[in-house]
Amino acid sequence: MAIKKNLEFIRGETRTISLEMDPVTLTEAETLRFTIKPEYDNDLTDKAAVLAKQIQGPAELTDGIWTMFIHPEDTIEIEPGKYVYDLVMTSGTDRVVLLEGKITIKAAATLRGVK
């Protein structure tokens, strides 16, 4: 069962998302995917995603902690508003939702220097 957690980012801000996981090694067949969309949908291509990041195995997870870095350029083009997100681990045909929830992207007062 996925952990439900709502997030809030300021557009163009550097953020990290961390989650304790076991095992601490991703095999070559495993991928972690983080996706932000305007709403939940059934599109298998994730075409509506405003942000899609992934970590492809093989990879070591430091101390069993998975960390996804969100860089300023990842969110600078996202319009402020409310979205949904999830973090999914896939292995072959298996798919496990690890983390999901709503995410609010807030406007920023200062954006110069981001690009």
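Pro58 sits in the loop that runs from strand S6 (51-56) to strand S7 (59-60), and a cis peptide bond with an omega of about 5° joins Gly57 to Pro58. Strands here are DSSP runs of E with at least two residues, helices are runs of H or I with at least four residues, and both are numbered from the N terminus. Please keep in mind that this is a predicted model, in which local features need pLDDT of at least 70, side-chain atom pairs count only at pLDDT 80 or more, and totals for chains, interfaces and linings use all residues. Residues are numbered from 1 along each chain as its sequence is written, and side-chain values use heavy atoms, with hydrogens and water left out.

**Overall fold**

- The chain contains 10 strands and one helix, arranged along the sequence as β-β-β-β-β-β-β-β-α-β-β.
- With a radius of gyration of 15 Å, close to the 13 Å that the globule rule gives for 115 residues, the chain is as compact as a globular protein of that length. The radius is taken over C-alpha atoms, and the rule is 2.2 Å times the number of residues to the power 0.38.
- The C-alpha trace spans about 40 × 30 × 25 Å along its principal axes.
- Contact means heavy atoms within 4.5 Å. Of the contacts between residues at least 6 apart in sequence, 68% join residues at least 24 apart.

**Surface and charge**

- Of the 115 residues in the chain, 38% are buried. Buried stands for under 20% relative accessible area, exposed for over 50%, and partly exposed for what lies in between, with a 1.4 Å probe and protein chains only.
- About 7300 Å² of the chain is accessible surface, and carbon and sulfur atoms account for 51% of that area. The areas come from the Shrake-Rupley method with a 1.4 Å probe, and for residues only the protein chains shown count as cover.
- The chain carries 14 positive and 19 negative charges, and their mean positions are 9 Å apart. Lys and Arg count as positive and Asp and Glu as negative, while His and the chain ends are not counted. Each charge is placed at NZ of Lys, CZ of Arg, CG of Asp or CD of Glu.

**The aromatic pair**

- The structure has one aromatic pair. Phe34 and Tyr85 form this tilted pair, at 5.7 Å centre to centre and with 45° between the planes.
- Phe34 belongs to strand S5 (residues 30-37) and Tyr85 to strand S9 (residues 81-91), so the pair ties together parts that are 51 residues apart in sequence.
- Rings of Phe, Tyr and Trp (its six-membered ring) pair if their centres lie within 6.5 Å; planes under 30 degrees apart are stacked, over 60 edge-to-face, and the rest tilted.
- Both Phe34 and Tyr85 are buried.

- Arg33 is in strand S5 and is partly exposed, at a relative accessible area of 32%.
- Apart from neighbours within four places in sequence, Arg33 contacts Lys53, Gln54, Asp86, Leu87, Val88 and Thr90.
- Arg33 and Met68 are 35 residues apart along the chain, with 9.5 Å between their C-alpha atoms.
- Gln54, in strand S6, is partly exposed at 47% relative accessibility.
- Not counting residues up to four places away in sequence, Ala52 touches Phe34 and Thr35.
- The C-alpha atoms of Ala52 and Ala109 are 25 Å apart, and these residues are 57 apart along the chain.

**Loop and end segment**

- Asp46 is found in the loop between S5 and S6. Although Asp46 is not a glycine, its phi is positive, at about 55°.
- The relative accessibility of Asp46 is 33%, so Asp46 counts as partly exposed.
- Leu111 lies in the segment after strand S10 (94-106) and is partly exposed, at 27% relative accessibility.
- Leu111 touches Arg11 and Ile76, leaving out residues up to four places away in sequence. Leu111 and Ile76 are 35 residues apart along the chain, and their C-alpha atoms are separated by 8.1 Å.
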